[in-house]
Amino acid sequence: MKLLIVRHGDPDYSIDSLTEKGWREAELLSKKLSKLDIKDFYVSTMGRAKNTASCTLKKMNRTATECDWLREFDVLIHRPDVPDRKICAWDWLPQDWTQDERFYQYDHWFENEAMQEANMKYYYDQVTGEFDKVLAEHGYVRDGHYYRVEKANNDTLVFFCHFGLGCVLISHLLSMSPMVLWHNMCAAPSSVTTLTSEERRKGIAGFVMHTFVLSLIFVWGLNRIIPFCGKSVQGMREETQKTGSKRRKPGVTAIHPCQFHPAVTRNVTRGSSCTGTHFLLKWIRKAIRPDTRKVALGSDSFGTCCETA
């Protein structure tokens, strides 16, 4: 089974919809998704996610199941750097969240005092429980940290949702702490995360993540992705910024996978980045021709694409 977790297009939060750029992204995305054999669509009840889905659904003459549990994961907490008010749970300063080893553990991240105060585990289980119900309807039943395969299939399911919520779903599938994903991964607007089931022993399956933010490269032209990636540290967390969180402190850098363009990476502490990220940077730099606005990176789950600006 294949799962596609789609973040909404570039948002206009003031009206819970999309900007002009966001609508363009949604249309480009629909051209790719409409070519796939998709079993079912599920969409958040929030406007920006529904609008993103609408382009694909209209093109395919399909409908989607609206799910309230796919709304943005906006549980509020008292974060250490913002003690005077409650704020989004998933934009901590690196020097704060990395000091608590429990945040790196799937079975203990919610034991942090701020998370307990907000009853975070309850809301996390509420979302993942509903998610598991959907997977069970398609033949994959959660059993501990893996899934019992009651009806193996090659169905493709698409979930139109949000960054914070998408990380919750991925963390559950991979048995990872969502804190690690929230703070070390960035899913740009209209990007697609692809996960597939892997049944190495009959009747027992896990999920493997094949693509995260790179999917958006195949959908956008180069002039769209590079400006956005330039905001990866300062501007990727729009939802959180709306709540008035403080800027990240000078000298403390969080490295994100989408910081691959020279204009972005020259200001990033190179020693902080892993070998895998360095390989990614070199690979993408070679693939992007500076004298054109075409991107030809090969093929992902959508197939080969050279989208022009």
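**Sheet architecture and aromatic contacts**

Tyr147 stands opposite Ala205 in strand 12. The model is a predicted one, in which local features require pLDDT of at least 70 and side-chain atom pairs count only at pLDDT 80 or more, whereas totals for chains, interfaces and linings use all residues. Residues are numbered from 1 along each chain as its sequence is written, and side-chain values rest on heavy atoms, with hydrogens and water left out.

Strand 9 (residues 146–149) and strand 12 (residues 204–211) pair in the antiparallel sense over two bridges; pairing requires that DSSP finds at least two bridges between two strands. Strands (E, at least two residues) and helices (H or I, at least four) are DSSP runs numbered from the N terminus. An open sheet is formed by eight strands in the order 5-4-10-1-11-12-9-8, with mixed pairing. Strand 5 (65–67) and strand 8 (140–143) stand at the edges with a single partner strand each, so one side of each is left without a neighbour in the sheet. From one strand to the next, the twist averages 30 degrees.

Helix 2 (residues 47–60) lies across strand 1 (2–7), strand 4 (40–44), strand 5 and strand 10 (156–161), and runs at about 155 degrees to strand 4. Helix 5 (residues 120–137) packs on the sheet, where it touches strands 1, 4, 8, 9, 10 and 12, and its direction makes about 135 degrees with that of strand 8. Contact denotes heavy atoms within 4.5 Å. Axes are lines fitted to C-alpha atoms, for helices over the stretch in contact, and angles run from 0 to 180 degrees between N-to-C directions.

The structure holds 14 aromatic pairs. Rings of Phe, Tyr and Trp (its six-membered ring) pair if their centres lie within 6.5 Å, with planes under 30 degrees apart counted as stacked, over 60 as edge-to-face and the rest as tilted. The ring centres of Trp92 and Phe103 are 5.1 Å apart and the planes are at 75 degrees, so this pair is edge-to-face. Trp92 lies in the loop between strand 7 (87–88) and helix 3 (94–97), and Phe103 in the loop between helix 3 and helix 4 (113–117).

Ring pairs link Phe73, Trp109, Phe110, Tyr124 and Trp182 into a cluster.
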